[in-house]
Amino acid sequence: MKKNKTNFQKIIKAIQKLDLSDANKQRLEQILNNYYPRMCSISLLDFADRVFSDFIKIKKSDKNWICTCITCSAKGFWSDKDMQNGHFKSRSFRKYRFNINNCRPQCKVCNVLKSGNYGEYMLAMQRILWPEKAEEIWRDNKIEKFYDYDLAVSILTLDAEIDMELEKRGLKR
């Protein structure tokens, strides 16, 4: 995929404006360079979504890096385009967008073509969490706003978590 330099430069400028150490700004730029070729659009929110999606799929994969769709049990390698990060509560509810209890690997068919396959997702979440917690997430409609600084800190934190998960499994990037 060809990089759109205008969008790429916008996010670099956004990173430079943040109240972060130079080392953290430099690390964010390195992470962005690793992720950017796989992204079709770019904003700090898109960037955070991509890192969080990889974190969920890596964290929830088995020892062979295979993810199982929460709704239909389809299997796929964590980095396959057909395996995605499914959200129990829609990403439009930002409070739960990056909540590990709200997200599980989901195949593209269930996540996109079946619009999340929410009936099956609800049943699975009630088994994984507990019925009261799944219901609490489902009913919570509080609005939260993301700020660039929060997204940048989340990206740095998630990237470190990914490195720790890979290291735990004997791998390095």
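Which residues does Leu156 touch, not counting residues up to four places away in sequence, and how do helix H3 and helix H8 pack?

Modeller: This is a predicted model, and within it Leu156 touches Asn24, Arg27, Leu28 and Ile31, once residues up to four places away in sequence are set aside. Leu156 has its place in helix H8, and it is buried, because its relative accessible area is 15% and the cut-off for buried is under 20%. From Leu156 to Leu171 there are 15 residues in sequence, and the distance in space, C-alpha to C-alpha, is 19 Å.

Helix H8, residues 148-168, also packs with helix H3, residues 44-59, at an angle of about 25° and with the axes 9 Å apart. Angles under 35 degrees count as roughly parallel, and the two helices are therefore roughly parallel to each other, with H3 passing H8 in a left-handed crossing. Among the residues that make this contact are Leu45, Phe52 and Phe55 of H3, together with Leu151, Ile155 and Ile162 of H8. Taken by class, the residues of the contact comprise 13 nonpolar and 7 charged, with no polar ones.

As for H3 itself, 13 of its 16 residues are buried, which leaves the helix mostly covered. Its length also agrees with expectation, because 16 residues at 1.5 Å a residue should span 22 Å, and the end C-alpha atoms of H3 are 22 Å apart.

Technical notes
Residues are numbered from 1 along each chain as its sequence is written. This is a predicted model: local features need pLDDT of at least 70, side-chain atom pairs count only at pLDDT 80 or more; totals for chains, interfaces and linings use all residues. Side-chain values use heavy atoms; hydrogens and water are left out. Axes are lines fitted to C-alpha atoms, for helices over the stretch in contact, and angles run from 0 to 180 degrees between N-to-C directions. Helices (H or I, at least four residues) and strands (E, at least two) are DSSP runs, numbered from the N terminus. Angles under 35 degrees count as roughly parallel, over 145 as roughly antiparallel, 65 to 115 as roughly perpendicular and the rest as oblique. A crossing is left-handed if the near helix is turned anticlockwise from the far one by less than a right angle, and right-handed if clockwise. Contact means heavy atoms within 4.5 Å. Ala, Val, Leu, Ile, Met, Phe, Trp, Tyr, Cys and Pro count as nonpolar, Asp, Glu, Lys and Arg as charged, and the others, Gly among them, as polar. The expected span of a helix is 1.5 Å times one less than its number of residues. Buried means under 20% relative accessible area, exposed over 50%, partly exposed in between (1.4 Å probe, protein chains only).
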